[in-house]
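These are my notebook entries on one structure, kept in the order in which I looked things up.

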Amino acid sequence: MVLPPSSRKVLLVLLALVALGLSLRLPYYGGPNLYGLQAQSWLAGRLDVPGPVEDLSLYGDRYYVAFPPFPTLVVLPVVALTGHEHVPYRAVALVLAGLVAWLAWRVLRRLDIPEADRPWLVAALLAGTAFWFCVVQSEGVWFLAHVVAVTCSLLALEEALGPARGARAGLWAGLAFLSRQLCVYLIPFILWVVWWRHAGEGRRRQVREGAWALVLVGVCGGVYLLLNALRFGDPFNTGYAGMPLSDFLAARVERYGLFHPAYVPFNFFHMFLEGPHFHFGGPRMLAPVGVDGMGTSLTLASPFLFVALAARPERRLRWAAWTMVGLCLVHMLHYYNNGWVQLNAQRFSLDFLPVLWVLMALGTRHVEARWWKALVAWSIGLNVFVLALLPVLGRALRKL
């Protein structure tokens, strides 16, 4: 029986949620979600939060959440109803995952990707990348930020590649930045796409839509600068320097600071060369109990993404997309931290992954389906094994 297109989309979203839900029994971060803590303080009319808590920034004698603020607004209505201790963060993340599945389908339709290929590509994005791990671990502030940022990035891409209304595209790109700072590189790409999409409609329309996009991006940037000034006394002080560090991270920053070329080899190896590093436990070290928290490289965990190299869209669009990905990648390779802790993924890649995924989708037109679908199947299968099956297997074999 062949399902109509509308039923396929509904089935796709349901399957995505079921697949992500398989790992809901995984252990999760036990501390408070800082976005919930911040929402509780905002509801009380305060910018500071009670501390000390992991990754809070100390400024003066008060603690603040230095992470970008938009995910706080996402959870604020739930916090108002339940209090920050009882927010079902995974449920919130699963709702966003459903929205991501729907948006990804719409983006693929904008790109004229064959309908038969779209379920594979949506499943690849949701279940073959770091996105799944971040949904599962969304009780932690770091992971929920990625889920919200990917959602906003896809909203911006769907708008820019579709009707290209500058105000909406600029707003969603700005909100992606207000979720993850490295999404700042998404902003010029979205602005360029909006400008490019209106190239044949007259300079007046082109300028108007581009101006609206700039205005909304500027509003989002202004909010961030104002919040920094109110908390840390300087609009360009993000507060990250006030986060306490320990062990090797503290030693790195003490020697080299937050950004330095010395970090490039370590980050490059983990981004492109590192395989899944399994840990064994039990009295005789025979039970597989987990994987290394530094993560697995894109090459081994999500190899389907390299199909992006075969993309042949309009030349200027291709170069704009690769420039966005490249700038983001260079920036994160110089950062003192590669995203640790993460399982079978490099979670920082989610900052550029929506754009890279668009290139990958376009690349499937020039690669045999059996090859790129095999890479998607490998990526999803490895995630299923690491995130869903390995914990069960480890418990079963712990006595070996």
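Which residues does Arg252 touch, not counting residues up to four places away in sequence? I worked on a predicted model, and there I found Arg252 in contact with Gly257, Tyr263, Phe266 and Tyr336. Arg252 belongs to helix H11, which spans residues 247-256, and I noted that the residue counts as buried because its relative accessibility is 18%, where the cut-off for that class is under 20%. I also looked up a pair that is separated along the chain by 62 residues, Arg252 and Glu314, and their C-alpha atoms turned out to be 43 Å apart.

Next entry, on helix packing. I took helix H12 (residues 264-273) with helix H14 (residues 315-333) and read an angle of about 125° between them, with 9 Å between their axes. That angle makes H12 oblique to H14. On the H12 side I listed Val264, Asn267, Phe268, Met271 and Phe272, which meet Leu329, Met332 and Leu333 of H14. Sorted by class, this contact has 7 nonpolar residues and 1 polar residue, with no charged ones.

Next entry, on the nonpolar core. The largest one holds 119 residues, and those with the most contacts inside it include Phe67, Phe131, Leu154, Phe189, Ile190, Phe352 and Trp357. Helix H7 gives the most to this core, namely 16 residues. I then followed Ile190 and, leaving aside its neighbours within four places in sequence, found it in contact with Ala156, Leu157, Ala160, Ala169 and Ala173.

Next entry, on cysteines. How many disulfides does the count come to? The count is 0, with a pair of sulfur atoms having to lie within 2.5 Å to qualify. For Cys134, the closest cysteine sulfur is that of Cys183 at 12 Å, which is too far for a bond. For Cys152, the closest cysteine sulfur is likewise in Cys183, at 8.4 Å, and this too is too far for a bond. Both positions are enclosed by the accessibility criterion: Cys134 is buried with a relative accessible area of 0%, and Cys152 is buried with 2%.

Next entry, on Gln137. I placed Gln137 in the loop between helix H6 (130-136) and helix H7 (141-161), and I recorded it as buried because its relative accessible area is 8%. Gln137 and Val100 are 37 residues apart in sequence, and from C-alpha to C-alpha they are 17 Å apart in space.

Last entry, on backbone geometry. A cis peptide bond joins Gly51 and Pro52, with omega at about 0°, and Pro52 sits in the loop between helix H2 (34-43) and strand E1 (57-59). Another cis peptide bond joins Trp340 and Val341, with omega at about 15°, and Val341 is in the loop between H14 and helix H15 (353-363). For phi, I noted a positive value near 55° at Ala164, which lies in the loop between H7 and helix H8 (166-177) and counts as buried at 1% relative accessibility. Asn344 also has a positive phi near 55°; its place is in the loop between H14 and H15, and at 2% relative accessibility Asn344 counts as buried.

How values were computed: Residues are numbered from 1 along each chain as its sequence is written. This is a predicted model: local features need pLDDT of at least 70, side-chain atom pairs count only at pLDDT 80 or more; totals for chains, interfaces and linings use all residues. Side-chain values use heavy atoms; hydrogens and water are left out. Axes are lines fitted to C-alpha atoms, for helices over the stretch in contact, and angles run from 0 to 180 degrees between N-to-C directions. Helices (H or I, at least four residues) and strands (E, at least two) are DSSP runs, numbered from the N terminus. Angles under 35 degrees count as roughly parallel, over 145 as roughly antiparallel, 65 to 115 as roughly perpendicular and the rest as oblique. Contact means heavy atoms within 4.5 Å. Ala, Val, Leu, Ile, Met, Phe, Trp, Tyr, Cys and Pro count as nonpolar, Asp, Glu, Lys and Arg as charged, and the others, Gly among them, as polar. Buried means under 20% relative accessible area, exposed over 50%, partly exposed in between (1.4 Å probe, protein chains only). A nonpolar core is a set of buried Ala, Val, Leu, Ile, Met, Phe, Trp, Tyr and Cys residues joined through side-chain atoms within 4.5 Å.
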